[in-house]
Every structure is written in C-alpha cells, then in structure tokens.
Amino acid sequence: ENCAGTKVLMKRGFGTGQGVHQYLESVSRAVNNKDATTISAHLNKQSGSLTARLGSELVKIRNLEQFCEQHGTLDAEWTTVVSAHLQAYVFDQSRESQEAYKVQSKCFESFVKIFKNISSTPNWIFPALYAILHDLRVLATKSDDVARRQGGKVENLEGSVRDHFTPLLRVCLADRSSNIATSKLMAALRIVNHCFASYFQLNTINLSKNLIKTIEAPDKPAISVYPISQQVSYYYYVGRISVFGGEYKRAQNVLRNGFAMCKKSSVGNKRLFLLYLVPVEILLGRMPSERLLEKYSLTMLKDIVSAVRTGNLKKFRESLDRHGDTFISLGLFMIMEKLRTICWRNFFKRVALIVQEKSKNKLLLEVHVLPLARWLGEEDIDIDEIECITANLIFSGYIKGYISHKHRCVVLSNKQPFPLINTVRNL
C-alpha cells in the first residue's frame, strides 16, 4: 500500500529535490482531504518512501520541529506527528537508535491523541496508524539490540507493548459504534498481532493468553469481520501459541484456517503455517504427503515424517540432530519429542508384525525389541530403558496391553493393540 501511494505521488510531481516545504504542504492537503493513501505514504520510513527521498535535505535542518511549526499549516498535534516522524528517520539513518525510538514514541503518542478525537468513520486514518505502529516496533527492536550489545538496559520493546500498544488497543475496544466496519474496533486485530510479534521477540508468549481472551470475548466482533490479511496473521500467531501451550487440536484448527486463507501465490506464508501444522497433524494421526512436503520445500520435516511413518528410530534421531537448532529456534523441539514417542509406537508395531506368527500377542523385550532398537541406531539403550519406554507408550494409550516384568515381555491386547493415533486420550 505504501509503495503504491509513493508511486501515485511521484506521478503528481512530488519527487526528489522538491523539498520539505512541498512535503509539509502535501501532508496538510492529505489530512484535510482524509486521503489515507497519501498520509500513510508520508508517514513511513521504508526504503524508497517519500521520507527517505528527503533524507539529504532533512539532515541540513537543525531543528526539524521548529521548521515544521514555521513552514507547515497543520495543527499542533499533526505538526508534532510529522516533525517527530522526520526526526526519527534522521536519527535512524545516523544509527542513533535510542534517540530514534524516543522521537518515534512521541510521534505515536501525538497520533493516538488525534485518533482518539475522531468520533466517526476513523478508518481513513488506519493506514497511517499502521505505518507509525510498525515503525515504532521496528525502532524499539533496533534500540534494544544496540542496548544489548552495549550491556545497557533492554526495555524499549517491552515498554512499547505496555505503554503504547495495550492502551491503544483499549481505545479501539472501547468504541461502541453501531457500524463495526467504520469503527475503531477495526484496528484492534492489527494491534493484537503487533503485540503477539513483540511477545515472541521478548519470549513472553504466556502474556498473549489474555489478549486472545479479550479479542475473542463474546461481546467482541468475530475474527471473520477483520481484513483477511489480519486474520491470517492472527491465526498464525494463535496457532504457534497453541502449539507451545500443548493445545494441539486448537492449533490444528487455527493453523488450517490460516493456511486456507492464504493466497495461492503466498507460498512463503503457506510454508510458515506448514512448519507448525505438519508436526501437529502427525501428532494427531494424519501423515502429510511427500508431494506436499516437496511443494513447500519442507526439507527439514521430510525425514522426520518418513521416520515416524516407518518407525525408523535411527533416521528420526539423525534428522533431529541435523535440524535440532532450527527446531529450537522455531519453538518446535518439544513437539518433536512427542513425535519421537509416535516413532517408538510405530517401531513397536513393526516389531509386532514381524514376530506375530511365532509369538502371537507377546513381544519379548530382550529378544525381539532390544536387538532391533540397537540395530536401528539406539546403540546405548538397555533393557530397563526399553521397559520404561514401553510403560510410557501403554500409559499414554499408544499401545494396549501390559508389561510382564518377570518375563521381560509386553502382552498385547487381542483387540486393536495399536489404537489409531487420533483416538489416543492424551491428545
């Protein structure tokens, strides 16, 4: 949207060299005309934006705030928004991240005052709000990174969520307009998604539960009323949060919803969903096709899926060793450990199929299970560990039967000794 707005303005003659005066006049006209695209194009700091094109002129102005007051025709709040935005850009370009964050916070606070005072149809101002909100989170992250490297206090991103995002969300949720489509409520989900992104960066995912309860409360609009792009982001974050919380069936539902809502051309976004959806589907008893894994370049999951499907313990361990760091960074390591249990379940099932003619419903742990486990790469495993794993599989419901400790064997149930994974009670 911002790039499109920039192109439109360039066609109108607003290009490099036109100066800060023209920039201020253009903002003033856009505000008076409630021109959402133009306002947003002026108030973002992305590469190639209108602000970036003014870079060389901005650094020559000693006092941007005073300059904007003297040469602009905006009211006090809008003047503060624009001047703080320009100052933040200058500080950011000169790598003064802390100062950039401070003035961007000032820009945000003044903009929120304007936003609060809009009594009807505030949706014309949403694009600018989103641009300022995005830049605030980016600059908070940058300034925290600098503070971390320098051994300083890392507090800006956390402070942004607490002091800026959350109060703004309350303003939006307090709007009781009869027409939801033109109320402040329509900005709520975008703010929630910024909070989620921040919580993941801060590793404080537990704080997201209250946000989910708030946005999904019975007296709030259904998620389906928000723009599709925001719904997709919301389902992505809630899906990940549900995976971390062990709510796998909820994770399956929201990740499926989000995946289905992605555009066909959004291959990258679909892949992000599948990184979490595929392990969840396996855990709930549904194996993905090899074609799906290849289509979305899910190489790291391909060997895991194959190993779990066939009960190949060696292949599973090797894949986990190879991609372990990636799984940890994605927050998938715990669910991989749960998939290891299913791999063991399928291993036992294979062993049972091999020896069933001779031993019927008995598996001798020392004779049948232990040698095959060692052959499949579990070289250091002993009979006590095998017995412990067997007991855990029975307790979890993956195997029906009981262990005879005296005879070192597991007696399998005559009826469906290996229940379908999607019927296992602990899921």
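What is the relative accessible area of Gln-416?

Modeller: Gln-416 has a relative accessible area of 43% and is therefore partly exposed; buried means under 20%, exposed over 50% and partly exposed in between, with a 1.4 Å probe and protein chains only. This is a predicted model, in which local features need pLDDT of at least 70, side-chain atom pairs count only at pLDDT 80 or more, and totals for chains, interfaces and linings use all residues. Residues are numbered from 1 along each chain as its sequence is written, and side-chain values use heavy atoms, leaving out hydrogens and water.

Gln-416 is located in the segment after strand S3 (409–412); strands (E, at least two residues) and helices (H or I, at least four) are DSSP runs numbered from the N terminus. Its phi is near 45°, which is positive although the residue is something other than glycine. Arg-95 is another non-glycine residue with a positive phi, here about 65°. Arg-95 sits in the loop between helix H7 (76–93) and H8. With a relative accessible area of 74%, Arg-95 is exposed.

Lys-113 is partly exposed, at a relative accessible area of 45%. From C-alpha to C-alpha, Lys-113 is 10.0 Å from Leu-168, and the two are 55 residues apart in sequence.

The rings come next. The model has 15 aromatic pairs, where rings of Phe, Tyr and Trp (its six-membered ring) pair if their centres lie within 6.5 Å, with planes under 30 degrees apart called stacked, over 60 edge-to-face and the rest tilted. One of these pairs is Phe-115 with Phe-126, tilted, with 6.1 Å between centres and 50° between planes. Phe-115 belongs to helix H8 (residues 97–117) and Phe-126 to helix H9 (residues 126–149), so this pair ties together parts that are eleven residues apart in sequence. Phe-115 is buried, its relative accessible area being 0%. Phe-126 is also buried, with a value of 6%. Phe-126 pairs in turn with Tyr-130, and this pair is stacked, at 5.9 Å centre to centre and 25° between planes. Both residues are in helix H9, four residues apart, or about one turn of the helix. Tyr-130 is buried, as is Phe-126.

Charged side chains sit over two of these rings, the test being NZ of Lys or CZ of Arg within 6 Å of the ring centre and within 35 degrees of the ring normal. The charged end of Lys-184 is over the ring of Phe-115, 5.6 Å from its centre. Arg-190 lies over the face of Tyr-130, at 4.0 Å from the ring centre.

At least two lining residues come from each of helix H1 (2–11), H9, helix H11 (188–202), helix H13 (228–244) and helix H15 (267–283). H13 gives the most, with seven residues. Elsewhere among the rings, Phe-196, Phe-200, Tyr-234, Tyr-235, Tyr-236, Tyr-237, Phe-244, Phe-273 and Tyr-276 form one aromatic cluster.

The cysteines remain. The count of disulfides, meaning pairs of cysteine sulfur atoms within 2.5 Å, is zero. For Cys-68, the nearest cysteine sulfur belongs to Cys-107 and is 11 Å away. Cys-68 is buried, with a relative accessible area of 2%. The sulfur of Cys-343 is 17 Å from the closest cysteine sulfur, that of Cys-388, which is too far for a bond. Cys-343 is buried as well, at 0%.
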